[in-house]
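Please read this briefing alongside the sequence and the 3D view. It is meant for a reader who has not seen the entry before.

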Amino acid sequence: MSLTLFTQLKAIVAPLDRANVDTDAIIPKQFLKSIKRTGFGPNLFDEWRYLDVGEPGEDCAGRPINPDFVLNQSRYQGAKILLARENFGCGSSREHAPWALKDYGFDVVIAPSFADIFFNNCFKNGILPIVLPEALVDSLFKQVMAQAGYQLDVDLTAQTITLADGTQICFEVDAFRRHCLLNGLDDIGLTLVHQDAIKKYEAKRREQAPWLFSTQ
Amino acid sequence: MAGKTLYDKLWDDHVVRQEDDGTALIYIDRQLLHEVTSPQAFEGLRLANRQPWRVDANLATPDHNVPTTSLEGGVDGIEDPISRIQVQTLNSNTREFGITEYGMGDVRQGIVHVVGPESGATLPGMTVVCGDSHTSTHGALGALAHGIGTSEVEHVLATQCLIQKKMKNMLVRVDGQLQPGVGPKDVVLAIIGAIGTAGGTGYALEFGGQVMRDMSIEGRMTVCNMAIEAGARAGLVACDDRTIEYVKGRPFAPTGDNWEAAVAYWSNLKSDEDAVFDKVVELDGSRIQPQVTWGTSPEMVGSVHDRVPDPALEADPVKSAGISRALEYMGLPPNMAIQDIQVDYVFIGSCTNSRIEDLRAAAQVLKGRKVAASVEQALAVPGSGLVKQQAEAEGLDQIFIEAGFEWRNPGCSMCLAMNADRLPAKKHCASTSNRNFEGRQGAGGRTHLVSPQMAAAAAVAGHFVDVRDLVEVVQ
Ligand code: SF4
């Protein structure tokens, strides 16, 4: 899959002020029936974004919009950074969740914590999930809500976020994942470089635990 | 040097290579596939002109989209065209790559997490993955099992490996003895209530203690199934005689000399006495009451004798807002007694509670009783064709039907409502599934997670009730 990669991104921030946002909320199950990886953006947060019940394949342009939902407010249009609360992305392993976020236009999600599988799935799809301390996230929420058009400047190479007032925050990101994100590397290709090691492991394992290789 | 945890042992035995920063290539013994999270993975293989590394390590079955009403017409008989295409795509992909599939109409078809252990495709000591978060279920057999995303499904297909970093070790020890009428589902809901939905994030969660040792393998599956609801990708229970007894004779289980060798290896699949866990949580099993969730996250749970909380009494503003929002969605006033919540739908099924023991437990409550007139629909959905067959051989289907339940064909059904089985908006459902998220069982639907006994009792009473007040429960 080709990813739009970034090393540096300055963009509007949308605040999603709820804890434990689950993958059913990010992309409801009826949209999981697609056999493609694309086209999920219009159904991101479907149940919160629209007032009716969405069906796959439907044109969302004519659907009634929930004006209260954050992504429907004009000041957050064009947001590429999502600010979220703790345990974001909990629930299922569906990669449709990061596909939908990416398709909508989000490149970065900032939260105090993420669910493990979702966190992992983000990197595989060119989304950078950033974990920041809860107090800091809280203060970002206040700043974003106080000022229309609030932007953050995220630099993946330097691992910094620059706030509107010029303050810089550092964030952690796993070196291997950062490398893949910056270079758009294909995990499978990288692993296959080690195919001899895999074969060696298999040969050894076959001796130790032969039943694992005769299960069919 | 301290001893090893079960997770440490499983991890060490599967490391193919390790980078200095701890990133490792882990060998995967078994991949289970279903129709929802595999199409894009197979497509990726095709686009890159790659072949599966080890075809025989994969096993597929459709479950999420299959209708549970009638299997007539097979795949082509699925009414929803988009669902049909997804199931057909699984068929054509498995055919193209030579992967074994238990397709619709095959008695072995069912929910992937029921089928894996039932067929012996999941064995102790294995690494097991599936593009589904409830893969944690298989840890009940002493296997290292967790859910993965579709990119990783493709990665495992192509390389038989996963790129992983080791998780931390957590032990949840449940000691004592459960009261009659309290089962594995209540245990795991109580654990999630205690540690929260993010309590296990970053950990491999081993369940131990007397309660787990006394528990059947199917019960352990119920507990491990919901490890992910506590934030842990993998749940684990030590392998013991019960495990080995359970595995014996299953179609994929080893035989002859291989069996002897396997049993010898499996007997070491437990945490060493002196193993050190990064975190230990203890619960007194004898104090666990039948549980009912009242909110929109599995951690929003309490005893059937509790009242729903009052957001005004919660000091943390984020939590208080969360409770208010959940109660509004659920249509419940603060402080309402859980037993006063009326039940409109009942769903007995899902990878959490659709095995034969679950159906027996529910049938024991339903025998000679009727579903309350106010209940609009009550579904019993066995986890696989083989579970259904067994239940019918025991006459359980008749008990369900006579009580007023619909006896369905296997699949995920109303657990997530990807097929036609949906909970209507604003309706309350006593459900044996694992997620009570907003819209999970149908847009606007209101899910309460309970054990099979408690779901059956709610069906009879028309509202939540302590199953022990309704029947004398035999353990
Ligand atoms: S039964 Fe429910 S939780 Fe289990 S695999 Fe199916 S949809 Fe997922």
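Predicted model: local features only at pLDDT ≥ 70, side-chain atom pairs only at ≥ 80, totals over all residues.

Residues are numbered from 1 along each chain as its sequence is written, chains are lettered from A and ligands numbered from 1 in the order in which they are written, and side-chain values use heavy atoms, with hydrogens and water left out.

**Cavities**

- A search of the whole structure finds five cavities of 30 Å³ or more; a cavity is a set of points, on a 1 Å grid over the protein atoms alone, where a 1.4 Å probe fits but cannot get out.
- The largest cavity holds about 220 Å³ of space, a volume being the space filled by probe spheres set on the grid points, which are joined across faces, edges and corners.
- Its lining (residues with an atom within 4 Å of a point) consists of 24 residues, and H64(B), D132(B), H134(B), L416(B) and R440(B) lie nearest the centre.
- Eight of these lining residues are nonpolar, eleven polar and five charged; Ala, Val, Leu, Ile, Met, Phe, Trp, Tyr, Cys and Pro count as nonpolar, Asp, Glu, Lys and Arg as charged, and the others, Gly among them, as polar.
- The second largest cavity has a volume of about 80 Å³.
- Of the 14 residues lining the second largest cavity, C90(A), G91(A), A115(A), D116(A) and I228(B) are closest to its centre.

**Helix α4 of chain A**

- Helices are DSSP runs of H or I with at least four residues, strands are runs of E with at least two, and both are numbered from the N terminus.
- Helix α4 (residues 116–123) of chain A is largely enclosed by the rest of the structure, because seven of its eight residues are buried (under 20% relative accessible area, 1.4 Å probe, protein chains only).
- The cover over the buried residues of α4(A) includes α3 (96–104) of chain A and α5 (150–159) of chain B.

**S433(B)**

- S433(B) lies in the loop between β18 (428–431) and β19 (446–449) of chain B.
- S433(B) counts as buried because its relative accessibility is 0%.
- Residues in contact with S433(B) (heavy atoms within 4.5 Å) include K185(B), F347(B) and C415(B).

**Domains of chain A**

- Chain A is divided into domain 1 (8–185) and domain 2 (186–216), with bounds from an automatic or database domain assignment.
- The centres of these two domains, taken over C-alpha atoms, are separated by 36 Å.

Terms used:
Buried < 20%, exposed > 50% of the residue type's maximum accessible area, 1.4 Å probe, protein only. 1 Å grid on protein atoms, 1.4 Å probe; cavity = no way out; pocket = protein on both sides within 12 Å on 5 of 7 lines; lining within 4 Å. Lists of a residue's contacts leave out its neighbours within four places in sequence.
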